[in-house]
Amino acid sequence: MNKQLSKFLAAGTTAAVAVSVVAPAVSAEEVTEEDFEFDFGFEHPFTDVKASYEEAVSFLYFIEVISGVSETSFGTDLQLKRGDAAVILANTLGLDTENAPDAGFTDLNKRVKGAVNALYAEGIISGVSATKFAPDDKLSRGAMAKLLVNAFELEEYAVETPFTDVGGTFAPYVEALYGAEITNGKSATQYGIHDNIKRGDFANLLYSSLMFSGDLFESPVTDVKLVDSKTVTVTFAEAMPEDITAEEVAEYMIMGVDYKNEEFVMLMPYTAKFSADRKELTMTHLDLQGQEGIFYLDEFEIPYDYSAPVAGKGDIILEGQDSAVTFDFAGGTTASVTLESGEADFVNLNSMSMEVLDQNADETNVNVILKDTDVATVAPGIGQNWGTLEYKDGQWQLVDSTNYDIIPVGHYTLEAEFSDTANHATTVSLKIEVK
């Protein structure tokens, strides 16, 4: 199963995308616009999608398994071709359409061939003969039922239907869709087995099949904890069934992050493991070290901060100078600055200030340590406090001291450690040359 798609199959999908009412598992002809009230949070460019199709089309477009007949038209009321259905379904299942063995159909164009071959290899689809697939023929509602039942393994849900027009080859597949409550037919007694399926109706039924498949893995999530920057634990209300693996459940988790000042990004599980009682799932994922934002899983939103403070620009003002001498850590931990002493053999440092992002700006002063110097008269102070920075007006500013009135010509390395509210620390070194 496509991992990107799998993220959306859990029952928690609706909560994650702020849907207030799930689309009814029926054909579009049986519902009205009043039946749909939701804010999906996804956008598509199509202008011909009615409210009864909106949720399904929005979702399928968002996970990139469908496209329109043009940039602005989905073709909701157009009948669906067999080749197009194959492409949509192969995309949905995440099948390998490039390396699938040739199914032997001689009437396939390049656009649909890979999808048909992949579906045929999985036993999901068949042709109209041994050598013909008929990609341009319209897909009947009976054949559509067979596709969905085979694709999502719904055979076991078959029950007797009230439809008087269902019989023959496609009967068990219609019964399975009906038993899974994915369709109620076109009316109380008619399924429309020989009618051709419309693109909008196929979108609704495909979406309902996806949601039903996700429900099979449902167990309410009661807690989510970030263990570290690449590990999360999920606690369920009930133990997961023995016949479901941790990897399968992990693929059905809706997991993602908002990076600070960046867009939402889905996270894929790398590894997954159940606890002994199968009520807790531990997953590893993309390492968030160095990042800050919000972690999402199911309806849980957890702020995280795995980034350390980052130093930026700074300046030094000397006595008798009109302009500041600037330096820039540029996100690194080391910066250099040269100070001109002129005719004297020392400088008088009037002030120094610098920017540090993601620091703990709670007015906690930061000590500046003299890490190294080649000035003999100053060397005894190596390893000791050289000065103090205080947070003021959005910058860290050096607290004035008579120690800075006379700084002899030579080289100096100053260090300061900045920490954030999550106790991540960054030590920055400023190399100063006085000449």
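# Terms and values in a predicted model

Modeller: Ala 330 sits in the loop between β10 (325–328) and β11 (334–339). The model is a predicted one.

Colleague: Why is Ala 330 called exposed?

Modeller: The relative accessibility of Ala 330 is 64%. Exposed means over 50%, so Ala 330 counts as exposed.

Colleague: What makes the phi of Ala 330 worth a remark?

Modeller: The phi of Ala 330 is near 50°, which is a positive value in a residue other than glycine. Asp 393 also has a positive phi, near 55°, and is likewise a residue other than glycine. Asp 393 lies in the loop between β15 (385–392) and β16 (395–398).

Colleague: Why is Asp 393 called exposed?

Modeller: Its relative accessible area is 69%. The cut-off is over 50%, so Asp 393 is exposed.

Colleague: On to salt bridges. How many does the structure hold?

Modeller: The structure holds four salt bridges. One of them joins Asp 84 and Arg 111.

Colleague: How do you know that Asp 84 and Arg 111 form a salt bridge?

Modeller: Their closest N and O atoms are 2.5 Å apart. The definition asks for a side-chain nitrogen of Lys or Arg within 4 Å of a carboxyl oxygen of Asp or Glu, so the pair qualifies. This pair links distant parts of the chain, 27 residues apart: Asp 84 is in helix α4 (residues 82–93) and Arg 111 is in helix α5 (residues 110–121).

Colleague: Is Asp 84 buried or exposed, and is Arg 111 buried or exposed?

Modeller: Asp 84 has a relative accessible area of 18%. Buried means under 20%, so Asp 84 is buried. Arg 111 has a relative accessible area of 54%. The cut-off for exposed is over 50%, so Arg 111 is exposed.

Colleague: What makes the contact of Asp 102 and Lys 113 a salt bridge?

Modeller: The N to O distance between their side chains is 3.4 Å. The limit is within 4 Å, so Asp 102 and Lys 113 meet in a salt bridge. Asp 102 lies in the loop between α4 and α5, whereas Lys 113 lies in helix α5, so the pair ties together parts that are 11 residues apart in sequence. Lys 113 is partly exposed, at 33% relative accessibility.

Colleague: How do you know that Lys 186 and Asp 195 meet in a salt bridge?

Modeller: For Lys 186 and Asp 195 the N to O distance is 3.0 Å. The limit is again within 4 Å, so the pair counts as a salt bridge.

Colleague: Why are Lys 186 and Asp 195 called partly exposed?

Modeller: Lys 186 has a relative accessible area of 32%, and Asp 195 has a relative accessibility of 35%. Buried is under 20%, exposed is over 50%, and partly exposed is in between. Both values fall in between, so both residues are partly exposed.

Colleague: Which residues make the nonpolar surface patch?

Modeller: Met 268, Tyr 270 and Leu 286 make a nonpolar patch of about 290 Å². Tyr 270 is in the loop between β4 (264–266) and β5 (271–274).

Colleague: Which residues line the largest cavity?

Modeller: Among them are Phe 327, Phe 329, Met 352, Val 368, Glu 415 and Ser 429. Strands β13 (349–357), β18 (410–419) and β19 (425–434) each supply at least two residues of this lining.

Colleague: How does the lining of the largest cavity divide by class?

Modeller: The lining has 10 nonpolar, one polar and one charged residues. Glu 415 is in the lining, and Glu counts as charged, so Glu 415 is the charged one.

Colleague: What is the class of the residues lining the second largest cavity?

Modeller: The division is eight nonpolar, no polar and no charged. The lining includes Leu 339, Trp 386, Ile 407 and Tyr 412.

Key: Residues numbered from 1 in each chain as written. Predicted model: local features only at pLDDT ≥ 70, side-chain atom pairs only at ≥ 80, totals over all residues. Heavy atoms only, no water. Patch = residues over 30% accessible without salt bridge, like charges linked within 9 Å, V, L, I, M, F, W, Y side chains within 5 Å. Areas by Shrake-Rupley, 256 points an atom, 1.4 Å probe, with all protein chains shown as cover. Helix = DSSP H or I, 4+ residues; strand = E, 2+ residues; numbered from the N terminus. Buried < 20%, exposed > 50% of the residue type's maximum accessible area, 1.4 Å probe, protein only. 1 Å grid on protein atoms, 1.4 Å probe; cavity = no way out; pocket = protein on both sides within 12 Å on 5 of 7 lines; lining within 4 Å.
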